[in-house]
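The sequence and structure are shown first.

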Amino acid sequence: MAISDPTLVDNPIIYVNFAFERLTGYAQPEVVGRNCRFLQGPETKAEDVARIREAVARSERIEVDLLNYRKDGTPFWNRLLVAPVLDQNRQLRYCIASQHDVTLERETFVKLAAEQRELEASAADTKAQLADSTARLDFALKAGRLGSWTFDPGSRHLDASNGCKIVFGYAPDSEFGYAEFVGAIHPEDRAQVLAAIQATADTGCDYDIEYRVVTGEGELRWVAVRGELLTRADGTALTMTGFSTDITERKRVEEHRALLAGELTHRVKNTLATVSAIVNQTLRDAVSMSDARDTIGARIGSLAIAHDLLLRDEVDGATIADIVSGVMAPFDDGRGRLFSVDGPNIRLEPRVTLALSMALHELATNASKYGALSTAGGHVSITWSVGIGDGGRRLAFAWEESGGPTVTAPTRTGFGSRMIERVLAQHMRGTAKIEYRSTGVVFVIDAPL
Ligand SMILES: Cc1cc2nc3c(=O)[nH]c(=O)nc-3n(C[C@H](O)[C@H](O)[C@H](O)COP(=O)(O)O)c2cc1C
């Protein structure tokens with residue numbers, strides 16, 4: 001502490017205690033008789049000094065933190081309290097002051113304030129980065145048509161993103177919790193899906209499953225869902241999180257590929273059977289080996305042409321007559337007795353061309369193995385016409401076998417006939433039907449043109 005006498009010129013110090021000496025480094029004799037401003041220095045703020053000056057002039061008490069300098073020149077923060085002491089006439093008699101070193105407090109405060117600013121800046125930075133990565137994630141999820149979800153196995157609380165809801169056939173902002181999720185799973189797949197979730201929750205194994213869902217509109221979809229279990233530090237289950245995506249299109253392509261692979265195998269077998277039939281039949285009828293060689297070569301060449309027609313994806317489409325003659329050429333005996341072909345000039349789309357070629361090839365192969373083309377007196381009549389029916393022009397196509405062995409319907413439908421009926425009906429958006437009449441196989445198509 002310090003006491004000054006404001007009744008003397010320049011308000012000099014008349015007393016300082018030991019603590020003052022220890023704080024400032026000045027001994028009492030060095031300071032008594034001087035104004036206390038000697039503690040100020042170059043970095044002391046003038047406005048702090050001015051506030052003290054005004055307070056002393058008005059005999060008011062003041063507390064201020066200001067920068068002072070010790071005798072050795074080291075700076076310190078001085079929390080200075082100056083209070084007036086009045087005499088019985090309420091005149092200012094002494095000034096009494098306390099000096100308290102608050103350097104540490106101020107420095108800590110300044111450091112904390114700097115740290116806080118730094119933290120705030122880094123939090124803002126992290127927030128911006130998070131917003132940026134969330135935006136990227138959203139974009140990636142959207143571009144990949146992925147939905148994200150988190151699921152708490154304990155409470156069975158499901159939190160699904162809008163993308164996830166869309167995958168399951170729900171509107172983006174609709175309610176989609178655990179009950180809705182379970183309800184959307186195809187009943188036949190439900191037990192398997194729930195067991196997989198339980199297994200991940202229990203053992204932490206990856207959740208990776210493909211299953212069917214049925215949307216509110218009754219649409220069947222395939223979804224692929226992958227997820228993993230996040231655990232607490234003690235290993236207990238915290239939450240499951242993952243992605244879901246609609247794989248209906250992929251499944252459709254896979255099914256189509258499987259059908260094509262099956263069909264290809266079947267066709268190769270049939271082709272070999274046809275080649276074998278061609279070879280046997282030609283050798284039986286041939287007058288000489290060289291005649292047989294030429295005929296076999298020609299017939300196998302025709303078979304190749306039919307296959308070209310059959311397998312070329314990018315054909316411009318062919319007329320029905322082209323298709324029929326292309327496919328039937330290998331089965332023709334060259335004397336025009338086996339088939340009759342009759343119908344108007346109609347060009348079909350490439351897809352339909354292929355489907356019809358496949359169907360005719362199948363029918364012809366079967367006929368040459370078991371039907372009208374397997375015996376000398378057999379005949380196939382191939383006719384088509386155009387009529388007006390529901391919603392426009394319609395094609396009526398018929399393949400009618402006669403004169404062959406008595407036909408009995410097969411006990412089980414083979415791949416070939418299934419393929420004929422299904423593929424054609426699908427491609428032509430109409431109906432295609434094989435009938436096993438005792439007099440011969442009849443095949444009819446009814447489709448819009
Ligand atoms: C009793 C008393 C003690 C004071 N102690 C200090 C002090 O420790 N440090 C300081 O910078 N100023 C101190 N002052 C303030 C200065 O003495 C002075 O009043 C201030 O610098 C304003 O006056 P000026 O503008 O004439 O310098 C004290 C003043 C009084 C009356």
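## The pairing of β6 and β7

In this predicted model, F151 has L158 of β7 as its bridge partner. Strand β6, residues 146-152, pairs with β7 in the antiparallel sense, and four bridges join the two strands.

## The sheet

Strands β6 and β7 belong to an open sheet of five strands, ordered β7-β6-β10-β9-β8, with antiparallel pairing. At its edges lie β7 (157-160) and β8 (207-214), each of which pairs on one side only. From one strand to the next, the twist averages 25°.

## Helix α7 on the sheet

Helix α7, residues 187-203, packs on this sheet and touches β6, β8, β9 (220-231) and β10 (237-246). The direction of α7 makes about 155° with that of β8. The helix has 17 residues, and the distance from its first C-alpha to its last is 25 Å, close to the 24 Å expected at 1.5 Å a residue.

## Two faces of α7

The buried residues of α7 are D189, V193, I197, T200 and A201. Seen down the helix axis, these residues fall within an arc of 110°, so they line one face of α7. An α-helix has 3.6 residues a turn, so residues three or four places apart point the same way.

The buried residues of α7 pack against α6 (178-184) as well as β6, β8, β9 and β10. Exposed residues E188, A191, D202 and T203 are carried on the face turned away from the buried side. Just after the helix, G204 takes a positive phi of about 80°.

Notes
Residues numbered from 1 in each chain as written. Predicted model: local features only at pLDDT ≥ 70, side-chain atom pairs only at ≥ 80, totals over all residues. Heavy atoms only, no water. Pairing = 2+ DSSP bridges. Axes fitted to C-alpha atoms, helices over the stretch in contact; angles between N-to-C directions. Contact = heavy atoms within 4.5 Å. Expected span 1.5 Å × (residues − 1). Buried < 20%, exposed > 50% of the residue type's maximum accessible area, 1.4 Å probe, protein only. Arc of directions from axis to C-beta.
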